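Hi everyone, thanks for coming. Let me put the structure up on the screen so that we can walk through it together.

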There are 2 protein chains.
Amino acid sequence: MSRSTPSTAPQPTFVLIRPQMGENIGGAARAMWNFGLDRMRIVAPRDGWPNGRAVAMASGAGRLLDDAGLFEGTAEALEDCHYVFATTARQRGLTKPIVSPERAMQMAAEKIAAGQKVAVMFGPERAGLENDDIARANAIISVPVNPEFASLNLAQCVLLTAYEWQRTSGEITHYTDEMAKTEWASSMDVEKLAEHYEDRLTQSGFFFPEEKSEGMKINLRNLWSRMPLTRADVQMLHGVMRQMVRWKERG
Amino acid sequence: MSRSTPSTAPQPTFVLIRPQMGENIGGAARAMWNFGLDRMRIVAPRDGWPNGRAVAMASGAGRLLDDAGLFEGTAEALEDCHYVFATTARQRGLTKPIVSPERAMQMAAEKIAAGQKVAVMFGPERAGLENDDIARANAIISVPVNPEFASLNLAQCVLLTAYEWQRTSGEITHYTDEMAKTEWASSMDVEKLAEHYEDRLTQSGFFFPEEKSEGMKINLRNLWSRMPLTRADVQMLHGVMRQMVRWKERG
């Protein structure tokens with residue numbers, strides 16, 4: 001299962017540029033690993049490395065931090081990469097393609113499939129990436145946030161990008177849909193249910209007055225046939241009617 | 001520009017069920033407002049309401065908290081809603097459609113365009129939604145996270161759902177059709193129907209044996225909430241039950 005060995009699974013590398021708080025580095029690791037990504041690089045973390053707060057925050061995703069590459073500068077961190085994205089909230093009038101996270105991860109998947117190494121840069125918490133960092137990017141990822149309120153933090157920006165990678169990459173697990181295992185009621189099951197109710201309700205005097213009874217019967221049949229009933233539902237509804245009749249008969 | 005007046009913009013309502021930490025409520029508000037959503041409801045927050053920590057964390061999105069509806073129970077919070085999603089990490093073998101955030105927000109957009117009120121429930125931080133909450137949902141949203149590591153927090157789950165709403169709503173074509181004229185049953189209509197059946201069936205001795213009665217009741221509630229019921233359907237089903245009782249009483 002490719003999901004259990006993401007170290008060998010093709011994937012982009014996420015590069016944190018001069019991250020400040022250890023908590024955010026740990027949060028970024030968790031966000032990545034939620035979507036099966038585990039290649040992180042870290043450039044010049046403010047509080048040195050390793051960082052106890054990052055480890056504490058990463059909890060189950062601590063392995064990403066152990067395996068993370070540590071670099072002094074952006075240039076070194078990107079050295080072996082063929083295509084680099086920069087994430088940025090503001091648009092800076094640089095002449096580079098600006099793409100959505102979705103489009104970016106589609107592009108990444110195509111390039112990785114073609115044998116390229118792809119990196120995504122995330123800037124420091126407050127300031128964001130510097131022009132010098134952005135100059136090293138081939139394209140810019142801009143999350144389409146509310147223009148009146150753009151306040152994604154580092155881990156959230158990583159999360160959305162990782163989520164889009166997961167969505168886009170071919171290996172999206174079609175997670176077991178409980179519905180697929182559902183035993184749906186057949187037409188005949190529904191027909192018998194409709195008859196059961198119609199018979200008992202006729203006995204009870206439900207279809208009244210006479211001139212409306214045909215229309216009422218059709219409405220009731222339509223109700224059953226419009227519903228997405230399972231076999232278990234049909235059994236339950238038979239049981240409901242049977243019990244009401246039994247109750248009556250006990251007097 | 002519709003983004004500047006989201007209060008009137010069509011959108012789903014996000015319902016936080018028994019949230020624990022104020023910080024997470026504030027974080028959820030920010031996550032929503034990043035993508036132009038501002039209708040929040042809060043059910044029984046652990047630390048009371050208003051909550052200073054929520055306000056501090058929400059910073060620029062504080063207005064969502066001021067305008068949030070506060071409710072004692074899940075039922076009350078969903079009363080006027082026609083279609084309800086529950087977000088859950090675990091799958092619980094309930095026979096409800098399980099959909100991705102993307103598909104869910106597409107469905108939400110369609111239903112909202114057809115005149116329905118749509119809600120999305122988010123559970124408390126650790127425990128998640130209870131079965132009793134989930135029984136009130138029409139469908140379940142499951143984020144396709146790494147099966148080995150699912151650790152989305154409340155604000156992150158809200159963020160991804162809001163992000164998908166934003167992605168989807170950009171593409172909505174406003175279709176008007178017969179569906180728009182349908183009078184759909186609200187959650188309260190369905191709730192009352194469920195209660196009516198539960199009360200009468202309890203009297204009749206349907207929920208037997210004792211140790212199975214809770215499970216049977218939840219199954220029956222799930223049956224109603226999964227069905228796409230119109231108000232006319234609900235009236236018909238009330239009528240069916242009333243008639244059976246009348247029949248019994250005539251002896």
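I'll go through the chain contact, the salt bridges, some helix pairs and a few backbone details.

A word on conventions: this is a predicted model, where local features need pLDDT of at least 70, side-chain atom pairs count only at pLDDT 80 or more, and totals for chains, interfaces and linings use all residues. Residues are numbered from 1 along each chain as its sequence is written, chains are lettered from A and ligands numbered from 1 in the order in which they are written, and side-chain values use heavy atoms, leaving out hydrogens and water.

Let's begin where the chains meet. Chain A brings 65 residues to the contact and chain B brings 70, with contact meaning heavy atoms within 4.5 Å. About 5,900 Å² is buried between chain A and chain B, and carbon and sulfur atoms give 64% of that; buried area is the accessible area (1.4 Å probe) that two parts lose on being put together, summed over both.

How many salt bridges are there between chain A and chain B? The count is five, taking a salt bridge as a side-chain nitrogen of Lys or Arg within 4 Å of a carboxyl oxygen of Asp or Glu. In one salt bridge, the side chain of A:R167 meets that of B:E102 at 2.6 Å, N to O.

Over all chains, the rule gives 34 salt bridges. Inside chain A, A:E130 pairs with A:R18 at 3.7 Å, N to O. A:E130 sits in the loop between strand 6 (118–122) and helix 6 (131–134) of chain A, and A:R18 in the loop between strand 1 (13–17) and helix 1 (22–34) of chain A, so this pair ties together parts 112 residues apart in sequence. Helices (H or I, at least four residues) and strands (E, at least two) are DSSP runs, numbered from the N terminus.

Now for the helix pairs. In chain B, the axes of helix 1 (residues 22–34) and helix 7 (residues 154–169) come within 8 Å and cross at roughly 15°. Therefore helix 1 of chain B is roughly parallel to helix 7 of chain B. Axes are lines fitted to C-alpha atoms, for helices over the stretch in contact, and angles run from 0 to 180 degrees between N-to-C directions. Angles under 35 degrees count as roughly parallel, over 145 as roughly antiparallel, 65 to 115 as roughly perpendicular and the rest as oblique. On the helix 1 side of chain B, the residues in contact include B:G27 and B:A28, and on the helix 7 side they include B:V158 and B:L159.

Over in chain A, helix 5 (residues 101–113) and helix 7 (residues 154–168) also have axes within 8 Å, crossing at roughly 55°. That makes helix 5 of chain A oblique to helix 7 of chain A. Among the residues making this contact are A:E102 and A:M105 of helix 5 of chain A, and A:W165 and A:R167 of helix 7 of chain A.

Last, the backbone. Which peptide bond is cis in chain A, at A:P209? A:F208 is joined to A:P209 by a cis bond, with omega about 0°, and A:P209 is in the loop between helix 8 (187–204) and helix 9 (210–226) of chain A. In chain B, the bond from B:W49 to B:P50 is cis, omega near 0°, with B:P50 in the loop between strand 2 (40–43) and helix 2 (52–58) of chain B. Finally, A:S59 has phi near 30°, a positive value in a residue other than glycine; A:S59 is in the loop between helix 2 (52–58) and helix 3 (62–67) of chain A.
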